[in-house]
Amino acid sequence: MEDKIYSVTEFNKIVKSFIADTPEFSNFFLKGELSGVNYYKSGHLYFTLKDSKSQIKCAAFSYKLKRIPEDLKEGDSVTVFGDVGFYEARGDFQILVRHIEKENSMGELYRKLEKVKEKMEKAGYFSSMYKKPLPKYPTTIGVVTSSNGAGLYDIITTARKRMENINIYVYPSKVQGEGAIEEIVEGIETLDKIPEIDLIIAGRGGGSIEDLWAFNEEKVAMAFFNCKKPIISAVGHEIDFLLTDLVADVRAATPTQSAEIAIPVKKDVENYLEERKKYLTHRIEKQLEVAKLHLENRKNSYALKNFSKVFKESEEILNNKEIELENIMKLLLERKKQKLDLQVEKVISLNPLNVLSRGYSLVKHKNKIIKNSNEVKLGDEIIINLHSGSIIGTVKEIKD
């Protein structure tokens, strides 16, 4: 039998065809430990999946679109889902990954986190309108963190370097594991009730995403949001924003940075105050110079130098004004009196009694003034009012 001799290209085509036609090489799960994890700017992820005896190359193209975690690291235990890929040109064999699930169920936690983020974002909890400004010169700060963690040491050390007389209230709290959520929430609420505290820092030092997960919990995030005092989220990580970073008034990348953000350097404050002092002193001196100039002008004024004369002139002017006012009032009253007399004369002229004095009379029948002869009849009793007295009579004859 003659030996079959393939070219490299022919053989690679056979291998690729065999892989494509074999169902076991598609839609399968592989479990192992990550090694050589590399996230590229191109949007692709490359790593090696291994166990105690073997290893295999893997690639996740456009990993963000596949919602693959962006914090995978050396040593993580994972389960990947994908297909066998074979690149003919180079004869490379690798797993084309479509999904990665962390063995510690972090994948499920991320899915829950995305739902919580979406809900809180819709409610407006991430909006800048709720962000409170930090006090410029705090005298007392509150810290919620582990009592034996590096984060607390970093905050205190940095704070004392910047402002040695700063007061620091510490609420020791678990920051990971069972009970951490409740203790962080209680710590924030407790410090929030202390009047002299100007702002609160809550956080911890660095660690794996599992260690930091308490700060991705909704209860903790809501404690940050509901805090009445300005609050800084200070968790030592750089990979992504935690939930508390999104709701806090300020996010610090590390506990050290939180102290740097919250507390000014004493020397800088002193320099600022000195500059303000110089500026205010200069302004006051300028104002005093202007005031002295005004005062000097007043001292040299005609009014002050000739005070008696000016006073006499003013008194004379006032007296003249008083006489002038008195004359005006007299003239006004005289005109008013004349007008009133005319009105009185007019009223008197219209008095019906004055008409009667000229020989006229007023005839009434049953208290009604008679204007026409048809208003009475023969025999009616009438009263004739004269200028002086009245006459009672009876109608004897009526003429039209």
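What is the strand order in the open sheet of 4 strands, and is the pairing parallel or antiparallel? I found the order E12-E11-E13-E14, with antiparallel pairing.

**Ground rules.** I'm looking at a predicted model, where local features need pLDDT of at least 70, side-chain atom pairs count only at pLDDT 80 or more, and totals for chains, interfaces and linings use all residues. Residues are numbered from 1 along each chain as its sequence is written, and side-chain values use heavy atoms, with hydrogens and water left out.

My helices (H or I, at least four residues) and strands (E, at least two) are DSSP runs numbered from the N terminus. I call two strands paired if DSSP finds at least two bridges between them.

I then checked E11 (residues 362–365) against E13 (residues 381–385) and got 3 bridges, antiparallel. Val363 sits opposite Ile384 in E13, while Lys364 has Ile383 as its bridge partner there.

On to E12: E11 joins E12 by 2 bridges, again antiparallel. His365 stands opposite Lys368 in E12. The two strands make a hairpin with 2 residues between them, and I noted that Lys366 in the turn has a positive phi of about 55°.

**Entry 2, the parallel sheet.** I also looked up an open sheet of 5 strands, which runs E7-E6-E8-E9-E10 with parallel pairing. At its edges I have E7 (167–172) and E10 (250–252), each pairing on one side only. On average, neighbouring strands of this sheet are turned by 20° against each other, direction ignored. Axes here are lines fitted to C-alpha atoms, for helices over the stretch in contact, and angles run from 0 to 180 degrees between N-to-C directions.

Inside the sheet, E8 (residues 199–204) and E9 (residues 231–235) run parallel and share 5 bridges. Ala202 is opposite Ser233 in E9.

Contact here means heavy atoms within 4.5 Å. Helix H3 (residues 150–162) lies across E6 (140–145), E7 and E8, at about 175° to E7. Helix H8 (residues 255–262) lies across E8, E9 and E10, at about 135° to E10.

Where does Leu280 lie? I placed Leu280 in helix H9 (residues 266–299). Its relative accessible area is 44%, so I logged Leu280 as partly exposed (buried is under 20%, exposed over 50%, partly exposed in between; 1.4 Å probe, protein chains only).
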